[in-house]
Amino acid sequence: MFTGIVQGSFAISSLLNESGIARIGIVLPAALRDGLAIGASVAIDGVCLTVTEINDDLVRFDAIDQTLKVTTLGELVERSKVNIERSFKQGVEVGGHIVSGHIDDTAEIVKIADTDNNRTFTYKVSPSVAKYILDKGFIAVNGCSLTVARIDKQANTFDICYIPETLRVTTHGDKTVGSFVNIEVDRQTQAIVDTVERVLRDNPQMIKDILQG
């Protein structure tokens, strides 16, 4: 589990693509390697990956073919920068929201608007994911816990407003129109929406009563 508070962005140092798997190497500072062990979970652009090797400051992760297909990790090349977060520790302040590291969709940046001291990104997602996105609700974008500024259900787009600090410490400041990012919806919102849909589907009379007032 993660909190969506990205601890920094770092370049891919090595990338070895083998049959059905990509072996990703990233040089991490001492602070992020402290207590890190083989088998630990680390979020890379919001994707939960397992540490497979630690060689001094170089940490390696394996991403299987399915992960590469359904996330942006399949687009990585050497020197690509990614957001990094170590897994959540019990008793530590949760500054964002609980994030699982399991990606629901990739979203395309369709618009970027700059205003005084902030930048607004508009993302387009699939309808199946848009239904879980709410105004002022939580969402994880490339591993960052963020608040939805606006959702357009008809266009399946949503806006996020970034402050300069977030743009500085994460990869979001490098993104352009046409870039894709990993999306994880808020699990509590997803559970509520799915429960309501199931109850209404299984109780058609309830829908009739609601419509009839």
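Start by selecting M1: it counts as exposed because its relative accessibility is 52% (buried means under 20% relative accessible area, exposed over 50%, partly exposed in between, with a 1.4 Å probe and protein chains only). You'll find M1 in the segment before β1 (8–18); strands here are DSSP runs of E with at least two residues, helices runs of H or I with at least four, numbered from the N terminus.

A quick word on what you're looking at: this is a predicted model, where local features need pLDDT of at least 70, side-chain atom pairs count only at pLDDT 80 or more, and totals for chains, interfaces and linings use all residues. Residues are numbered from 1 along each chain as its sequence is written, and side-chain values use heavy atoms, leaving out hydrogens and water.

Next up, salt bridges (a side-chain nitrogen of Lys or Arg within 4 Å of a carboxyl oxygen of Asp or Glu). The structure holds eleven of them.

Select E197 and K131, whose side chains meet in a salt bridge at 3.0 Å, N to O. This pair links distant parts of the chain, 66 residues apart: E197 is in helix α5 (residues 187–202), and K131 is in the loop between α3 (127–130) and β9 (138–141). E197 is partly exposed at 35% relative accessibility, and K131 is partly exposed too, at 31%.

Now try R168 and E165, another salt bridge, at 2.7 Å, N to O. Both lie in helix α4 (residues 164–169), three residues apart, about one turn of the helix. R168 counts as exposed at 59%, while E165 is partly exposed at 41%.

Last stop: select E18, R23 and D62, which are linked in a network of salt bridges.
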